[in-house]
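Welcome, and please take a moment to look over the sequence and the model below. We will then walk through them together.

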Amino acid sequence: IMAAFLIAMLLNQKVKGLAIFRTVYYLPVLVPSIANSMLWLWLFNPDFGLFNSMLRSVGLPGSQWIYSETAAIPSLILMSTWGVGNAAVIFLAGLQGVPGHLYEAVEVDGGGALRKFWHVTLPSMTPTIFFNVIMGMIGTLQVFDQAY
């Protein structure tokens, strides 16, 4: 949820090529779960996987990733961050619904970016955060194919 919220905050900025960035963050949602699992099996492979190859190239020891009892849950958490695009789009819609005059009021009162976030953005986003938490919990209870 936090990763999706941070991505949505970044995608809410006015930068050049914003549509491309939004598309790139949403594309993993469109990949079927079996294809997604096969991709991550290749990435997590302890012998020839991309992550272990990158670790070995900088002189660090490789990991067993999903094949180890201690690293299986963190590996599944890393896999789940791949599909945060759906929640990020919902957060982005919520961020664009925050009234601009509230940010202007904070600026007039002398507040900075942290005050804007803490006193305007976060309270305005609580219904969206609640929705994404509930949908995330439902999605988490339906994770079978990645663990299998």
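What follows is a short tour of aromatic rings, a surface patch, a salt bridge and some annotated spans.

This is a predicted model, in which local features need pLDDT of at least 70 and side-chain atom pairs count only at pLDDT 80 or more, while totals for chains, interfaces and linings use all residues. Residues are numbered from 1 along each chain as its sequence is written, and side-chain values use heavy atoms, with hydrogens and water left out.

Let us begin with the aromatic rings. A pair of aromatic rings is described by the distance of the centres and the angle of the planes. Here, rings of Phe, Tyr and Trp (its six-membered ring) pair if their centres lie within 6.5 Å; planes under 30 degrees apart count as stacked, over 60 as edge-to-face and the rest as tilted. Searching the whole structure on these terms gives eight aromatic pairs. One of them joins Trp 40 and Phe 51: the ring centres are 5.9 Å apart and the planes meet at 50°, so this pair is tilted. Because Trp 40 belongs to helix H3 and Phe 51 to helix H4, the pair ties together parts that are eleven residues apart in sequence. Helices, for the record, are DSSP runs of H or I with at least four residues, and strands are runs of E with at least two, numbered from the N terminus.

Are these two residues buried or exposed? Trp 40 is buried, with a relative accessible area of 5%, and Phe 51 is buried as well, at 19%. Buried means under 20% relative accessible area, exposed means over 50%, and partly exposed lies in between (1.4 Å probe, protein chains only). Phe 51 also forms a tilted aromatic pair with Phe 44, at 5.5 Å centre to centre and 55° between the planes. Phe 44 is buried too, with 0% relative accessibility.

Which residues make up the aromatic cluster? Trp 40, Phe 44, Phe 51, Trp 65 and Trp 82 form it. Trp 65 sits in the loop between H4 and H5 and counts as buried at 18% relative accessibility. Its phi is near 50°, a positive value in a residue other than glycine. Most residues other than glycine have a negative phi.

Now turn to the surface. Leu 39, Trp 42, Phe 48, Leu 50, Met 54 and Trp 82 form a nonpolar patch with about 570 Å² of accessible area together. Helix H3 (33-44) and helix H4 (50-57) are the elements that give two or more residues to this patch. Patches are made of residues with over 30% relative accessible area and no salt bridge, with like charges joined within 9 Å and nonpolar side chains (Val, Leu, Ile, Met, Phe, Trp, Tyr) within 5 Å. Met 54, in helix H4, is partly exposed, with a relative accessible area of 46%.

A salt bridge is a side-chain nitrogen of Lys or Arg within 4 Å of a carboxyl oxygen of Asp or Glu. The whole structure holds one salt bridge; Glu 107 and Lys 116 meet in a salt bridge at 2.6 Å, N to O.

Finally, the unreviewed UniProt entry annotates residues 27-44, 65-93 and 124-144 as "transmembrane region". Such annotations may be inferred rather than shown by experiment. Residues 65-93 are 62% helix and 0% strand, with end C-alpha atoms 35 Å apart. For residues 124-144, the figures are 81% helix, 0% strand and 34 Å.

Notes
Accessible areas come from the Shrake-Rupley method with a 1.4 Å probe; for residues, only the protein chains shown count as cover.
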